[in-house]
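These are my notebook entries on a single chain. I record what I looked up and in which order.

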Amino acid sequence: MTDPNIPVTEDELHAYVDDELPAERRGDVEAWLAAHPDDAARVRSWRTMAEALHSRYDSVVDEAVPKRLEIERLVRQPRKWVYGAIAAALAAFIVGGGVGWLARGASAAPSAIQSFTAEALDAHRLYVVEVRHPVEVPGSERAHLQKWLTKRCGWVVRAPELTAVGLKLVGGRLLPGPAGPASFMMYESASGERITIYTAKSDAEATQMRYQAQGKENSLFWADDGVAYAVVSSGMDRERLTPIAQAVYDQLEKSGG
């Protein structure tokens, strides 16, 4: 027999929605939901959202995590990486014939903005499908999120207010970027559509806002004062994404970061 008065935690409610709750605890949770209509309504909304996300994003959920987004990059010692890169460059120079190798390498290397947009798109694909753990810090802790990411990234990080364009902050996380830490924030509409904002240091020259479509992902990106920004969506066309990116741009310009 279950007792509807046994406290049920937030994690247990999420586990119940995801069918990950231990069988012996399901009766308690169901009794709790029967006695607490507010929690029952939350569970129903989470299930609706999960179904919408699976319907929209299941085609990418099984894609492998790109190596450049593996968390080990965040804790790797930068000095070791630099030494390794120098050694590899010297070896390639000696074996490959010096000037000829350098010329081929320079022509084959992607531009700074291409590397940045590739990172932004990979991060979007990786986390947009997550239902329970899309972010490290929830949107309810906006002030803490901004302070933490600013400290770790080295520039002023802001979480724009996008309610005027129908989006609510889900939260954010710290990621490895092309040249150091990157900030990653996720927003969600009432219908479950998600957009992400990826920001990282970049050697790219200052650019006006540019549009790129790659598969199901559409993005608008720009660079300014050594920092690059990308607003990414799965499914939104340019017409729908532009006012969102413009709202992000305007707020970051006013705040100076």
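I took helices (H or I, at least four residues) and strands (E, at least two) as DSSP runs, numbered from the N terminus. At 1.5 Å a residue, the 12 residues of α8 should span 16 Å, and the end C-alpha atoms are 16 Å apart, which agrees. The expected span here is 1.5 Å times one less than the number of residues.

I then asked which residues of α8 are buried. They are L145, Q146, L149 and C153, where buried means under 20% relative accessible area, exposed over 50%, and partly exposed in between (1.4 Å probe, protein chains only). These residues cover an arc of only 95° around the axis, which puts them on the same side of α8; the arc is that of the directions from the helix axis to the C-beta atoms. An α-helix has 3.6 residues a turn, so residues three or four places apart point the same way. On the other side of α8, I found A143, K147 and K151 exposed. The cover over the buried residues of α8 includes β1 (137-138), β2 (168-177) and β3 (180-188), with contact taken as heavy atoms within 4.5 Å. After α8 comes G154, with a positive phi near 95°.

A note on conventions: residues are numbered from 1 along each chain as its sequence is written, and side-chain values use heavy atoms, with hydrogens and water left out. As the model is predicted, local features need pLDDT of at least 70 and side-chain atom pairs count only at pLDDT 80 or more, whereas totals for chains, interfaces and linings use all residues.

Next I traced the sheet. It is open, has 7 strands in the order β1-β2-β3-β4-β7-β6-β5, and pairs in the antiparallel sense. Two strands pair if DSSP finds at least two bridges between them. The edge strands are β1 and β5 (207-214), each pairing on one side only.

D224 stands opposite V227, and S219 has V232 as its bridge partner. The two strands form a hairpin with 2 residues between them, and D225 in the turn has a positive phi of about 55°. β4 is joined to β7 by 7 bridges, again antiparallel; A200 pairs there with A228.

Why do I call β7 largely enclosed by the rest of the structure? Because 8 of its 8 residues are buried. V227, Y229, V231 and S233 point one way from β7, and A228, A230, V232 and S234 the other way.

I turned to helix α7 (residues 112-127), which lies across β2, β3, β4 (194-201), β5, β6 and β7 and runs at about 140° to β4. α8 also packs on the sheet, touching β1, β2 and β3, and its direction makes about 15° with that of β2. For these angles, axes are lines fitted to C-alpha atoms, for helices over the stretch in contact, and angles run from 0 to 180 degrees between N-to-C directions.

Within α7 I checked H124. H124 counts as buried because its relative accessibility is 0%. Leaving out residues up to four places away in sequence, H124 touches F184, R194, I195, T196, E217, V232, S233 and S234.
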